[in-house]
Amino acid sequence: MDYRRLDSTYSLSSRVALLRELRNLTVLDLAKRSRFPIKRIESIESGEETWLSVTDRQVLARALGVEPAVLKEVENSPADYPGVFEKQEGPQKVDTDSMAEEILNGYTNIACPRCSTTLKTSVEFAYDIEGNPTKFARAYCPQCPFALR
Ligand SMILES: [Zn+2]
């Protein structure tokens, strides 16, 4: 095998495709050898999957006749992108407009956006700044300071 050609393929997708071609394997052949579904091979070669689990890497490397390290060195492991897979923390933006609309439409079973407790809701009748009678949605959380005013 001409491993030098691998040096120019710096992505998992192209490296898997090249190794497969160097082995004269079709996608179906590789799927059979690795016992991966054909779709899985296709998504790896199309770049949708950019890293493999340890077990999957071993299986695929064996099917391609290379060391797992040959695949690992071109994987984009989630560890390379700290934060991408972490849950976003911080205050959530609350869509108060749609919440108000739900309340005005008669929904009462609305969860607090902060603590998920069912909100106490009410509809208030009042006059807007032009003096027209209008409805306002009111909601407050019995568990936390959240309130819709
Ligand atoms: Zn709450």
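**The H2–H4 packing**

Helix H2, residues 27-34, packs on helix H4, residues 54-64, at an angle of about 125°. The two axes are 9 Å apart. That angle makes H2 oblique to H4, because angles over 145 degrees would count as roughly antiparallel and those from 65 to 115 as roughly perpendicular. The crossing of H2 past H4 is right-handed. From H2, the contact is made by Leu30, Arg33 and Ser34. From H4, Val59, Leu60 and Ala63 take part. Sorted by class, this contact of H2 with H4 holds four nonpolar residues, one polar and one charged. Bear in mind that this is a predicted model.

Now take Leu60, one of the contact residues of H4. Leu60 sits in helix H4. Leu60 counts as buried because it has 24 C-beta neighbours inside 10 Å, and 20 or more are needed for that. Leaving aside residues up to four places away in sequence, Leu60 touches Ser34, Phe36, Leu52 and Leu71. Ser34 belongs to the H2 side of the packing.

The core comes next. Leu60 is part of the largest nonpolar core, which has twelve residues in all. Leu30 and Ala63, also in the helix contact, are members of this core too. The rest of the core is made up of Leu12, Val16, Leu19, Ile41, Ile44, Leu52, Ala61, Leu64 and Leu71. Helix H1 (12-22), helix H3 (38-45) and H4 each supply at least two of its residues. H4 gives the largest share, four residues.

Leu12 shows another part of this core. Its contacts, not counting residues up to four places away in sequence, are Ile44, Thr50, Trp51, Leu71, Val74 and Glu75. Of these, Ile44 and Leu71 are core members. Leu71 is touched by Leu60 as well. A second core of six residues is separate, and includes Ile103, Cys112, Leu119 and Ala139.

Back to the end of H2. Arg35 lies in the loop between H2 and H3. Leu60 and Arg35 are 25 residues apart in sequence, yet 8.9 Å apart in space, C-alpha to C-alpha. Is Arg35 buried or exposed? Arg35 is exposed, because it has 9 other C-beta atoms within 10 Å, and 12 or fewer count as exposed. Its backbone also deserves a look. Arg35 has a positive phi of about 60°, although it is not a glycine. Most residues other than glycine have a negative phi.

Ser116 is not a glycine either, and has a positive phi of about 70°. Its place is in the loop between helix H6 (96-104) and strand E1 (120-127). Ser116 is exposed, with 11 other C-beta atoms within 10 Å.

Last, the whole protein. There are six helices and three strands. From the N terminus on, the order is α-α-α-α-α-α-β-β-β. Of the 149 residues, 15% are buried. Among contacts with a separation of 6 or more, 46% join residues 24 or more positions apart.

Technical notes: Residues numbered from 1 in each chain as written. Predicted model: local features only at pLDDT ≥ 70, side-chain atom pairs only at ≥ 80, totals over all residues. Axes fitted to C-alpha atoms, helices over the stretch in contact; angles between N-to-C directions. Parallel < 35°, antiparallel > 145°, perpendicular 65-115°, else oblique. Left-handed = near helix turned anticlockwise from the far one by under 90°. Contact = placed C-beta atoms within 7 Å. Nonpolar A, V, L, I, M, F, W, Y, C, P; charged D, E, K, R; others polar. Core = buried A, V, L, I, M, F, W, Y, C linked by C-beta atoms within 7 Å.
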